[in-house]
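Reader: I'd like to learn how to read a fold from its elements. Could you walk me through one?

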Amino acid sequence: MTRHERFKVTIVERLPERADSGFADALAEAFRAHRRPTPPAPGSDVDVPAASASQPTDDGGMAAVVAVDLASGRTATTTAATTTQKRAGT
Amino acid sequence: MTFAVTGADIRRVAGTGLTKSEISDRARIAFHEAGHAVAAVLLGSRVRQAVLGDTPRTEYDGAYPAGTEARITYAGPWAEARWLAGRARRPGPADMHRALAANCSDNKALIASGGSDTGQAVVPLLERCWPAVSTVALKLFLDGEVSHANVCAALGLSDDGGPGSIELANIRAALRAVP
């Protein structure tokens, strides 16, 4: 004997997702995060103000020691340089 | 402007009946237009207005050296890709491809200028000024429009910008930090 079962089909309307508190807080934090400077990666090229540290290198270039504040991402150097493209210290 | 954005500020925008998807889109487009606006001011132009709404757009004066237009055009998709990539990494070629595909008018303008990567020389400057792009994007997101004065304020200029601005020249030369 075959048993036929009946299933009740419920159609759930797909409603657009409204912005809840969690979503709003996360988006606000994303905005704030993007406002903070991103620290340069060690070895990456960074911009150094002209009046900052530099030393001549063996290959005739100039190198600067750059201190990076990991909290703010801001860089600081110690003495004077003549070019603006330097390599970040590790 | 201050940058003390909270979830309540976001919910104020959400209160207009927008869905999560629409709000995410609004943020994406805000960064896109902010990229155009900040690049325009940085390169000596004057922003008439940048607006969201049905037709998001940035209008600026067009008297500048050859090649500047492509940089301002490129800045929009790049800022959008930078936002979508998140803070942990920089946008790569695939991110830029998606951003350009989503903004065909910018893509067409860049191709007409010499190729989709024309204008990418603006990236180091925008990267250095990213906090200002974020500030302008937030104001666009919350208020729906920004003016030339808003962009100058975000860049920390005490003058009105323009091709004769020594403060802008210093920012471009990496001699002046953006607040």
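Author: Below we go through chain B, from the whole chain down to one residue. This is a predicted model, where local features need pLDDT of at least 70, side-chain atom pairs count only at pLDDT 80 or more, and totals for chains, interfaces and linings use all residues. Residues are numbered from 1 along each chain as its sequence is written, chains are lettered from A and ligands numbered from 1 in the order in which they are written, and side-chain values use heavy atoms, with hydrogens and water left out.

Reader: Okay, which elements does chain B have, and in what order do they run?

Author: Helices (H or I, at least four residues) and strands (E, at least two) are DSSP runs numbered from the N terminus. Chain B has 9 helices and 3 strands, running α-α-β-β-α-α-α-α-α-β-α-α from the N terminus. Its radius of gyration is 15 Å, close to the 16 Å that the globule rule gives for 179 residues, so chain B is as compact as a globular protein of that length. That radius is taken over C-alpha atoms, and the rule is 2.2 Å times the number of residues to the power 0.38.

Reader: And how much of chain B counts as buried?

Author: Buried means under 20% relative accessible area, exposed over 50%, and partly exposed in between (1.4 Å probe, protein chains only). By that cut-off, 53% of the 179 residues of chain B are buried.

Reader: On to the sheet: what is the strand order?

Author: The general idea is that strands of a sheet pair through backbone hydrogen bonds, either parallel or antiparallel. Two strands count as paired if DSSP finds at least two bridges between them. Here you have an open sheet of 3 strands, ordered β2-β1-β3 (chain B), with antiparallel pairing. The edge strands are β2 and β3 of chain B, each pairing on one side only. Strands β1 (residues 47-51) and β2 (residues 57-60) of chain B share 4 bridges; B:Q49 sits opposite B:E59, and B:V51 has B:R57 as its bridge partner. Their hairpin has 5 residues between the strands, and B:G53 takes a positive phi near 95° there.

Reader: Now the helices. What span should α2(B) have?

Author: The expected span is 1.5 Å times one less than the number of residues. For the 23 residues of α2 (residues 20-42) of chain B that gives 33 Å, and the end C-alpha atoms are 33 Å apart, which agrees. As for cover, 17 of the 23 residues of α2(B) are buried. B:G44 follows α2(B), with a positive phi near 95°.

Reader: Where does α3(B) bend?

Author: A bend at a residue is the angle between axes fitted to the seven residues ending there and the seven starting there. In α3(B) the bend is about 25° at B:A75, and a proline, B:P77, follows within four residues. Helix α3 (residues 68-85) of chain B still reaches 25 Å from first C-alpha to last, close to the 26 Å expected for 18 residues. It's mostly covered too, with 15 of 18 residues of α3(B) buried.

Reader: Let's zoom in: is B:T73 buried or exposed?

Author: B:T73 lies in α3 of chain B, and at 6% relative accessibility B:T73 counts as buried. Contact means heavy atoms within 4.5 Å. Leaving aside neighbours within four places in sequence, B:T73 touches B:H36, B:D106, B:A109 and B:L110.
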